[in-house]
Amino acid sequence: MASWYLGKIRYQKEDEAGSLKTINEVYLVDAVSYTESEARLYKQIVTGASEFSVMSISRMRLADLFAFEEGEQWFKAKVIYFSVDEKSGKEKKIVNYMLVNADGIQQALDRINESMRNFLIPYETTDIVLTPILDVFPYTSEEDEQEIPANMRPLSEVKAEQAEAEAISE
């Protein structure tokens with residue numbers, strides 16, 4: 001399960017008139033800790049300014065994130081599931097928050113319904129709010145892969161060369 005962190009950054013940018021303007025931006029990062037989320041923000045963000053600082057990092061409780069190719073804005077939706085408590089027989093409401101990118105509120109609602117069309121438990125989308133999030137950085141396994149230094153080679157190549165040398169010497 002993903003752990004999402006909301007990172008707020010601030011930097012100075014020169015406008016057309018030549019004066020410095022303070023820019024605040026918000027990003028969502030999938031990370032295992034506050035420390036990793038800060039490190040990933042510094043790695044991912046390219047502002048065009050020489051330097052920026054991470055002003056705050058806070059945990060964002062999300063049950064799911066629906067990312068589509070098109071859609072410039074990120075919307076946070078409150079979705080309530082209805083289930084029946086087996087012991088008491090009473091209806092129980094479970095509140096979850098989801099994030100979806102879209103070009104408007106109606107498109108965000110349509111995308112949530114499309115993404116949840118196979119959901120068997122009844123649900124209701126009660127709130128959809130535009131967030132200030134500019135971009136989302138999900139975790140990718142490529143970030144774990146380290147580049148092999150130029151003076152080293154993969155073990156498979158070395159073993160293949162050794163096998164070749166043994167075959168030639170026999």
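User: Where is the place of Met55?

Analyst: Met55 lies in strand β3, residues 53-60. Strands (E, at least two residues) and helices (H or I, at least four) are DSSP runs, numbered from the N terminus. A word on the source: this is a predicted model, where local features need pLDDT of at least 70 and side-chain atom pairs count only at pLDDT 80 or more, while totals for chains, interfaces and linings use all residues. Residues are numbered from 1 along each chain as its sequence is written, and side-chain values use heavy atoms, leaving out hydrogens and water.

User: Which residues does Met55 touch, not counting residues up to four places away in sequence?

Analyst: A contact means heavy atoms within 4.5 Å. With those sequence neighbours set aside, Met55 touches Lys8, Ile9 and Arg10.

User: Let's turn to sheets. What is the order of the four strands in the open sheet?

Analyst: The general idea is that strands of a sheet pair through backbone hydrogen bonds, either parallel or antiparallel. Here, two strands pair if DSSP finds at least two bridges between them. The open sheet has the order β4-β6-β5-β7, with mixed pairing. Its edge strands are β4 (64-66) and β7 (123-130), each pairing on one side only.

User: How many bridges join β5 to β7?

Analyst: Seven bridges join strand β5 (residues 73-84) to β7, and the two run antiparallel. Phe75 stands opposite Leu130 in β7.

User: What elements does the protein chain have, from the N terminus on?

Analyst: There are three helices and eight strands, running β-β-α-β-β-β-β-α-β-β-α.

User: And how do I read the radius of gyration of the protein chain?

Analyst: The radius is taken over C-alpha atoms, and the globule rule is 2.2 Å times the number of residues to the power 0.38. A compact globule of 170 residues would come out near 15 Å, but the protein chain has 24 Å. Its C-alpha atoms fill a box of roughly 80 × 60 × 30 Å, taken along the principal axes.
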